[in-house]
Every structure is written in structure tokens, then in C-alpha cells.
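I opened the model and kept notes as I went. The entries follow in the order of my look-ups.

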There are 2 protein chains.
Amino acid sequence: MNKIKIGNFIIIEKNGIRWEGKIIQILNDLLILKLKSGYNIGIKIDKKTKIEILKEEKISKHKPVSFDIKFDKKKVPISILSAGGTISSSIDYSTGAISASYTASQLIASIPELVNFANIKSKKILEEMSENLTPKHWKKIGREVFEELKESEGIILTHGTDTLSYTSSMLSFMLRNLNKPVVLTFAQKSSDRGSSDASMNLICSTITATKNIAEVVVVGHGTISDDYCLINRGNKVRKMHSSQRNSFRPINCFPIGKVWPDGKVEFLDKYKKKEEVKEDCYLDDKIEEKVAIIKFYPGLDSEIVDFYVDKGYKGIVIEGTGLGHTSKALFPKIKRAIESGIIVVMTTQTIYGRVNPYVYSSAREISKLGVIYLEDLLTETAYTKLMWILGHTQNEKEVRELMLKNLAGEFNKRLQPSQFLY
Amino acid sequence: MNKIKIGNFIIIEKNGIRWEGKIIQILNDLLILKLKSGYNIGIKIDKKTKIEILKEEKISKHKPVSFDIKFDKKKVPISILSAGGTISSSIDYSTGAISASYTASQLIASIPELVNFANIKSKKILEEMSENLTPKHWKKIGREVFEELKESEGIILTHGTDTLSYTSSMLSFMLRNLNKPVVLTFAQKSSDRGSSDASMNLICSTITATKNIAEVVVVGHGTISDDYCLINRGNKVRKMHSSQRNSFRPINCFPIGKVWPDGKVEFLDKYKKKEEVKEDCYLDDKIEEKVAIIKFYPGLDSEIVDFYVDKGYKGIVIEGTGLGHTSKALFPKIKRAIESGIIVVMTTQTIYGRVNPYVYSSAREISKLGVIYLEDLLTETAYTKLMWILGHTQNEKEVRELMLKNLAGEFNKRLQPSQFLY
């Protein structure tokens, strides 16, 4: 341990397993190694660990080294847009905190493998952890992605995990006639730390961005190991775990596919291909921001509905229980909201499954009041879609028709039992 | 098809599989058969289906026949309390609606197998679909369960699925020194319909209620087949699918065990046993009802916090994003709430995983404001526990200490990756 230092290229052998890579950090008896594949791993050193130094090279701590990228005519142009989040953040050693800091070009510099798959451009468009993003940020992101689509064959948007699926869902509605892949990706561990998931997510996103896909998708770890990433539809995906790297899961569908960091892709379900899009892509970012989500629970103060009615809200998403229920106590409040011209829609807090107003009397009554039951839509998707639809029309009949129309693959007509907890 | 009628006992053979049972309904080419095991199945009849009538018996439509239950000294006394829900509901053929109607004794009559495992008593305590239950109903249920515990070795509470886990969580706090099993069970399809899950859930609940368990648990289908049920801890379980029979899943833990309808039980994790409880069981149903849940989302109107502060609420559960975050816009509102003496706690809308105030600056700031980060607690459990704790003390220091103390197995110190999406 005394001889090795940061920057050394080493071969390390422990318990019969052998790794080759560059030391990027030493924490007591823990070596953080950047493997050739681009992933970082942490290896605990003990008496049995064999280390062979291959070649010495000084690197400035573990800040990524920038390097020239040569244009390769055989590869397609892909743009990486950075909207902040953990994937572009580093530890501030003075405070121990994490904040959004790396630029997209630094990310590329730290993962040289990316250039094996595409000609990479990069741009920082936001520097925010995603819990601070608002509908106004979605508009900015939409504009930036749309502009970049004119020059690239595919877009990668790096984004914080917390509200990523709200953004991906909104983009799926804003980018009309989308004819290229728009890939959102992320990290659950920051890019400069041992065992970050950033490298593999970015490599797999780059591969996905070169494919014949005409949808907004989310690409990230499929398992807790560094084996493959899932490609999920942007409006049918959700962060289901606060910290595991495989936290983004398909909801009420299968993933579109799996992608391995060596370039292999396996498609598992239908998706839109470029040739299916006949008309020009355009950005339609008209949204109505006065939309609220009300999660129902036993004991919910029914006056919460009045709160939004009285503040001039135009739409309410009720996240009901089971097949789309609330207690009877809410019925008069919902009635008043609808009579005030507010569009009220229903999703379920079970996350998985479909709402259905025909099975139980509660839902039949709620449905009679005029609440729109949104089939198998996620609450996140119902919210962003309602904002977007209300940006175009507030006519109840038109809103109902559009809310129930499949605009961007958001509905799945046939749920399968094995899609539950995929 | 012309010869057979409702009430016939038949042997039916299709695609090499053979069933024996009683016809309880005929819907065009679909036969609904009650098997000897007590389960109902639906079999589509085609030209290749062979049917043999064993014996004719007229039954009054498919209303369960009541019968005498004999006391068996070798078996323990178990009480089934009915709180309503689909498990005790039947289809009203005039309107097509489902409403809570069967009594617990009728349930027993329709599932004679129950008496193989215990001496069964029954009582109807409520007749409500669970979306209409309120904290006041939880108190009534708590009292009824506690009274019945004096006479029985175990309690089964049949309950609607929609808010079942709120009730089971609250009961886990109200029943102090619980020294017997209290088993909540349910059905996703009503008891008198083909392929109802009610029979197996009730049989498995009865078996569970005879075991050496001193906890509130939820028992229901583990898979979509009629193979086994899961035994889940009442405050670490959630309805995760709006309609599938295997919708109740353990969150941030493994199930306590599996139970098969033939009587076999396999325990998978630690649970409290009767002999571990040294003091007398008592009911403590003091709760503070002025507690609210706020689900955070991008664009949330931060004045919603003021709404609850101004209405004199005593506690707020914030269902944050990721590791327990909200946007900066909420910070001044949270500060005001806490300065007004309101206890604010944090859970995560990812459902799975733990909140952590130490990783990101947002959570560090929220934590500094005085928000209590509730580790791996479900929002449902945080809500019921906060109500219960605030019913006893409103002293911030005491509330914090009690909220973070493991009172009924609600915390899991070591989350395992394989517990995700179990």
C-alpha cells in the first residue's frame, strides 16, 4: 500500500479475481480503481491482495483530464445536454456536500469509451438538482433539446433522478413528431466516486441514442450490477428506490429493451421507429401550470379541493386508492370543482395497475361527477399530460378525448401480470 | 352444456386437466366451478371439454348455505371480524354494483375448510368499503379487535384492500404488548364470483392466526396463482397493484413468511413470538387526527403548507422525492410550520429505499429546519405513527425520539437489494 499512489496503472488480484485499471482514489485500505471499461470499483486491500504496478502516470487528483475528440465520419453525431443532478456533480470536500458542477464535456473526457459509439458534442443547459426543477425548467429543457435535435442524430439529457420521470414524461408530449431518440440518463452515485453508475449509464445511453428509436426514453441500470441498462419509455417509468442504481423501473409495461455497454441491444417490446414519423418534428411547449396533484388518504381534509378551486386552478389529478377511489366526503368538493370548470382526472396510488370506474359504487359515483379515469397512466404522466393538454384547450369534451388518446405511447391496452414489479 | 345446471356436481376434463366441483354459475360458455378446496375457477367450455355429472343438487343461486359448526377441543378459538370490503361483498345483479354485504358467519359457511384449522367465531363490526374509513373507524376497529382478543387465540380482520395497510399499520401501534396474531385479510375479487381470491386468503389467514405470532400481519396471495399466501408485517406492506390478487407486497423487508392452504408455513424473516411479550396486552387508541400528508412534486404550490398550518394541524408528513427532498421554494413554508409547533416528518415517494438527510444539500437544509427523516418507513406508516405519537405527546424532542424508535417492527436497519420489488 505504501508504494502505490493515485494515477498508477495496476493489476490487482484478490480472491482469484483480477482487475486492471488506474487508481483514482485511496481511502485507508480501500482502493478506487477506474477500470478500462470506464467503471469505477472499490477494492478493499488485505494481506492476500496482490498488486502489480504497470506504469506510472500522475493525474491531478481525480479530476477528469480533458482531451481532443476527433470527428469520425463513420459515426453519427450525438449531443449530451447536461441539466444537472448527481451525474454531473462532485463531492465538495470542504463541506462533504454534493452539488451540480461537471460540464458535459468533462463527463465525456472522463469516459473516453463514449467516442467509440458516436461523435459527441456537449452543452450544459442547467445546473440544478432535479428537486428544484419546475414546469418553467421543462420548457427550457424542451427548447434546448429541440434546438439540438436539428444538429444531432440523437440527444442524451443528463438529469437528476428525483424528478427525472416528470421531465421525460413532459418531453414526450412537448416534442411532437419526434423522429430521433431523446435519452434521459442519470446517476445515483456521483461521477467522481468509487462505484459510480454514471459511466455505464452514459455509455449505454450513447449506444441507445444511435439506434432507430423515435421516442423519449430513460436509460439506466437494470440491476444492481454493472451488467446492462434498461431502455424505458419516458412516460411509463418511475424512480422506485431512493438509492439503488436499478431504481428506474417500467410501470404497467415491459421495458422497450436492454442495452449492454459493449454495444449489444435487445428489444423487448414495441417502440416507435424513425420511419414511422412522416411529418416534421416541432416543439409545442404551451402548458397550463395551474394543475395540482391531490393524493387521497383516510382522513384527508376535503377542503384541500376548495383550496385549489379558490386559487383558480384549472386541473386536478386525484391519486386515489385501488381502482380509483376516494371517500364519500370528497364527492361534494369534487362536484364543486367540476362545476367551476376544473378538469379532474383519476390515477391510482398503487402505482401498478389500471383505474376502473365500473367495478365499485364509489368510482361509479366519482365518474358520474365528471372525473376522467386515466386507465394505466402514472400520476406523473397524468400530471404532465393534463398540464400540456390544458395549455391547448380547456373545453371539457376536448380535454377528455385528448387525455384518453394515446399521444406518446403512454397507454398500455393490455397489462400483463408479469409487468407487475418488473 | 344443455344438460348441466347450477348446483350440479361434475367432473370436467379439458386439455388433459381434470377438475371436480360444484357449478355455481354459468356465463355463456364459461362454467364457474367451486372446487373441493373451496376455490372457484372459471373454465371455458369447447367441443373437446368432457363433462360428467356426478350427482344433482339444487342450490339457491350461489348464496352460501349456512351449516352448524361443532366445537373441537383440539383446535384453538379464532375470531373473524368483518370490517367490510370486497371480501364480504356480493354483486347486486340489479345494478351490477358491489357493496359490503355478507356477514362473517356466511363467509365461514361458504368456506367449510376453515373449521379444519380452528374453532371459528365471527362478528360483523363494520360494513364499509375501505375508501370510506377514517381515523375514527380505526379506533372502533382497535376496540373490537382488542375485546375479541380476550376470548380468542387469534383474530382475523376482513377488510377492503384500498386502505387496508393504513388500518394494519395503525393497529400495530394501538395494540400494545400484543401477544397473539392479528391477521388482516381481503379479496380483490368478490367472494361469490368465479376465481375469487377470498377463499384461499381466508384459509391461509386462519392457519396464520393459529401460529405463534405476536404481531399485526397482512395475509394474502403471494402470486397470481392459488399457490400460497404471504404473511407481511402490518406496517411494512402496501397495496402495489389496483387489481391483481398478489397486490400486497412487503416494502423494505422480506415477508415474515409464506403459508399454503394445506397448512404448511415457511418463515422467511424474524417476527415477534408470543413468549417474547412479558406484559399484558392493552389498547391505546389515543390519536391526534390533525395530521396531513403532502406529496411533493415539481410545481407544487408551496402555500399548501400554510393551508395546514392555518387550520391548526399538529403534524405533517412530507412525501418527498428521492432521499427525502423538496424544492427550495418549500423551505420557508416548512420553517414557518415548525416554528408554529408543527411536527414535520419526511418519507419518500419512491416507496422503496431509505430517506437520508446527509447526502445532498437540499436534505441537509430541510433537516436543519427540524424535519425528522423517517429512515425506511412507508408514508402510510409514518402517517399513522405520527397520529398515534402526537396523541401522547406534542413535545418536539419526545416526538422525534419516539418517531425514530422501533415500536412495532416498523424499521429495518439493513435493507437488502433483493427486498426491492419483492
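**Ground rules.** I am working on a predicted model, where local features need pLDDT of at least 70, side-chain atom pairs count only at pLDDT 80 or more, and totals for chains, interfaces and linings use all residues. Residues are numbered from 1 along each chain as its sequence is written, while chains are lettered from A and ligands numbered from 1 in the order in which they are written.

**Chain A overall.** I counted 9 helices and 23 strands in chain A. Both are DSSP runs numbered from the N terminus: helices are H or I with at least four residues, strands are E with at least two. Of the 422 residues in chain A, 55% count as buried. I call a residue buried if 20 or more other C-beta atoms lie within 10 Å of its own, exposed if 12 or fewer, and partly exposed in between, with C-beta atoms placed from the backbone. I then took the contacts in chain A with a separation of 6 or more; residues 24 or more positions apart account for 70% of them. A contact means C-beta atoms, placed from the backbone, within 7 Å.

**Helix α7(B).** I went back to α7, residues 361-368 of chain B, and found B:Ser362, B:Ala363 and B:Ile366 buried. They lie on the same side of α7(B), because they cover an arc of only 90° around the axis. The arc is that of the directions from the helix axis to the C-beta atoms. The cover over these buried residues includes α6 (331-339) and β22 (343-348) of chain B.

**Helix packing in chain B.** I checked α2 (residues 135-149) against α3 (residues 164-174): they pack at about 55°, axes 10 Å apart. Axes are lines fitted to C-alpha atoms, for helices over the stretch in contact, and angles run from 0 to 180 degrees between N-to-C directions. α2(B) and α3(B) are therefore oblique to each other. Under 35 degrees counts as roughly parallel, over 145 as roughly antiparallel, 65 to 115 as roughly perpendicular, and the rest as oblique. On the α2(B) side I noted B:Trp138, B:Ile141, B:Gly142 and B:Val145, which meet B:Thr167, B:Met170, B:Leu171 and B:Met174 in α3(B).

Next I paired α3(B) with α8 (residues 379-390) of chain B, and got about 40° with axes 9 Å apart. This pair is therefore oblique as well. The residues that meet include B:Tyr166 and B:Phe173 in α3(B), and B:Thr384 and B:Trp388 in α8(B).

**Two residues.** I found B:Ile78 in strand β6 (residues 77-82) of chain B. B:Ile78 counts as buried because it has 27 C-beta neighbours inside 10 Å. B:Ile155 is 77 residues away in sequence, yet 5.8 Å away C-alpha to C-alpha.

A:Ile11 sits in strand β1 (residues 9-14) of chain A. With 13 C-beta neighbours inside 10 Å, A:Ile11 counts as partly exposed. Beyond four places in sequence, A:Ile11 touches A:Arg18, A:Glu20, A:Glu52 and A:Leu54.

**Symmetry.** I superposed chain B on chain A: a rotation of 180°, 0.0 Å of shift along the axis, RMSD 0.2 Å. The same surface serves both copies, as 100% of the contact residues of chain B recur in chain A.

Conventions: Two residues are in contact if their C-beta atoms, placed from the backbone, lie within 7 Å. Copies are superposed by least squares on the C-alpha atoms of residues with pLDDT of at least 70 in both.
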